[in-house]
Amino acid sequence: MSMPTPGFNTRAIHAGQGFEPRTGAVVPPVHFSSTYAQDGIGGLRDGYEYGRGTNPTRDSLQEQLAALENGTHAFSFSSGLAAEDSLIRALTGPGDHIVLGNDAYGGTYRLINRVLGPWGIGNTPVDLSDAGAVTAALAAYPVKLVWVETPSNPMMRITDIAALADAAHAVGALLVVDNTFASPYLQQPLDLGADVVVHSTTKYIGGHSDVVGGAVIVKDAELAEKIGFVQFAVGAVSGPMDAFLTTRGLKTLGVRMDRHCTNAQAVAQWLLARPEVEAVHYPGLESHPGHELAKKQMSGFGGMVSVQLAGGEAAARSIAESTRVFTLAESLGGIESLMNYPSEMTHASVKGTELAVPVNLLRLSVGIEDVADLLADLEQAFSQL
Ligand SMILES: *Cc1c(COP(=O)(O)O)cnc(C)c1O
């Protein structure tokens with residue numbers, strides 16, 4: 001009897017995770033070896049030669065990632081930015097241009113603008129939800145890559161991936177989607193026409209705030225060749241223990257995301273009802289301008305909520321510093337709730353640029369604790385205003 005294509009959670013648990021053949025260990029050992037014995041010169045066992053090139057623990061993570069993004073090849077790196085750097089170096093060269101969202105992750109903009117800019121790669125940040133601005137930017141430069149985050153960080157803007165892929169392809173550019181916020185459980189950009197998916201696996205994929213990592217996933221052998229070469233030649237690979245922790249986290253992505261989504265929806269609605277609040281940015285709210293689009297291209301609205309306080313910077317700072325369950329910390333996507341003041345924390349690197357974020361903005365990474373405790377925590381923090 002032929003089996004149906006396995007569902008997301010089955011793939012998350014089994015793709016690349018076969019038991020170890022000698023002992024039957026259900027969880028394969030973590031392979032720390034930096035090199036591999038050869039059966040005579042050049043007699044490699046299963047292609048394994050040296051740890052920068054290939055490692056079984058990293059391979060099993062890469063297989064799992066490719067299966068979950070519906071890609072053919074995945075590449076695991078030591079951080080999200082290492083993944084982005086290798087990706088950009090694999091696909092662009094001096095004279096090429098990158099069009100990216102004007103609310104891109106600050107570190108991505110810093111990498112593209114301040115590290116790769118001096119090497120001759122140009123960039124133009126635009127509002128990617130504005131089709132006219134996108135068309136103008138694509139016409140003005142020799143654009144090689146269009147780079148989008150949806151939902152975006154921290155304003156939670158939603159961009160139509162399929163439409164943007166068409167616009168990019170019309171000028172011979174590739175569409176890169178940073179899928180960190182949605183995770184492959186809620187959104188599969190390759191199926192919508194994107195050419196490349198990148199992740200900071202530090203966030204939802206690892207899911208437990210205990211490992212830094214990044215990934216690139218593609219569905220095209222020629223792109224895979226180029227990216228695989230840079231992964232090997234530059235060597236920003238994830239180490240075995242990091243790969244193992246990421247794989248372990250990824251197995252439970254589906255159940256975690258379901259809870260992140262319901263908790264975030266409740267937090268967003270609670271915030272929306274508060275008089276101290278000027279605006280709530282969460283795609284699960286009907287008032288969100290990207291709500292309908294998010295419903296179409298995502299299967300849930302995610303765990304990230306941003307809120308602007310009517311009391312300005314002082315109110316935002318006060319709440320950021322008075323929650324007890326929400327921990328004041330950078331990063332996102334872990335099981336524990338985090339509170340972030342983007343202007344001075346995650347987005348400090350874009351302060352004073354056109355990517356700067358409002359000073360009355362807080363970004364909440366809503367975790368999977370009991371939602372009543374999260375709301376009670378917000379209640380006590382708001383009552384101190
Ligand atoms: C964190 C993050 C990155 C960078 O990843 P690191 O793992 O910190 O290097 C890139 N994009 C987004 C959307 C992120 O949140």
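Q: Helices here are DSSP runs of H or I with at least four residues, numbered from the N terminus. Which helix holds Ser183?

A: The model is predicted. Ser183 is in helix α7, which covers residues 183–186.

Q: How should I read the backbone and the surroundings of Ser183? What is its phi, and is Ser183 buried or exposed?

A: Phi of Ser183 is near 70°, a positive value in a residue that is not glycine. Its relative accessible area is 0%, and buried means under 20%, so Ser183 counts as buried.

Q: Where does Asp46 lie, and is Asp46 buried or exposed?

A: Asp46 is in the loop between α1 and α2. Its relative accessibility is 73%, and the cut-off for exposed is over 50%, so Asp46 counts as exposed. Asp46, a residue other than glycine, also has a positive phi, near 60°.

Q: Now the sheets. How do strands pair, and in what order do the strands of the five-strand sheet come?

A: Strands of a sheet pair through backbone hydrogen bonds, in a parallel or an antiparallel sense. In this structure an open sheet of five strands runs in the order β8-β9-β12-β11-β10, and its pairing is mixed. The edge strands are β8 (277–281) and β10 (327–328), each of which pairs on one side only.

Q: Which strands pair with β12, and in what sense?

A: Strand β9 (residues 304–309) pairs with β12 in the antiparallel sense over five bridges. Strand β11 (residues 338–340) is joined to β12 by three bridges, and these two strands also run antiparallel.

Q: Which residues stand opposite Leu362, Leu364 and Ser365 of β12?

A: Val307 is opposite Leu362. Met339 is opposite Leu364, and Leu338 is opposite Ser365.

Q: How do I read the side chains of a strand, and which way do those of β12 point?

A: In a regular strand the side chains alternate between the two faces of the sheet. In β12, Leu361, Arg363 and Ser365 point one way, while Leu362 and Leu364 point the other way.

Q: Why is β12 described as largely enclosed by the rest of the structure?

A: Strand β12 spans residues 361–365, and five of the five are buried, so the rest of the structure largely encloses this strand.

Q: What about Thr327: in which strand does it lie, and which residues does it contact?

A: Thr327 belongs to strand β10. Apart from neighbours within four places in sequence, Thr327 is in contact with Ser337, Leu338 and Met339. Thr327 and Ser337 are 10 residues apart along the chain, and their C-alpha atoms are separated by 6.5 Å. Thr327 has 41% relative accessibility, so it counts as partly exposed.

Q: What does the UniProt annotation say about Lys203, and where is this residue?

A: The unreviewed UniProt entry carries the annotation "modified residue: N6-(pyridoxal phosphate)lysine" at Lys203. Lys203 is in the loop between β6 (196–200) and β7 (214–218). At 10% relative accessibility, Lys203 counts as buried. Beyond its neighbours within four places in sequence, Lys203 is in contact with Thr180, Ser331, Leu332 and Gly333.

Q: To finish with the whole chain, which domains are assigned, and how many residues from each take part in the contact?

A: The domain assignment gives domain 1 (8–250) and domain 2 (254–382). The contact takes 37 residues from domain 1 and 41 residues from domain 2. The centres of domain 1 and domain 2, taken over C-alpha atoms, are separated by 26 Å.

Technical notes. Residues are numbered from 1 along each chain as its sequence is written. This is a predicted model: local features need pLDDT of at least 70, side-chain atom pairs count only at pLDDT 80 or more; totals for chains, interfaces and linings use all residues. Side-chain values use heavy atoms; hydrogens and water are left out. Buried means under 20% relative accessible area, exposed over 50%, partly exposed in between (1.4 Å probe, protein chains only). Two strands pair if DSSP finds at least two bridges between them. UniProt positions are given in the numbering used here, feature names are shortened, and annotations may be inferred rather than shown by experiment. Contact means heavy atoms within 4.5 Å. Domain bounds come from an automatic or database domain assignment.
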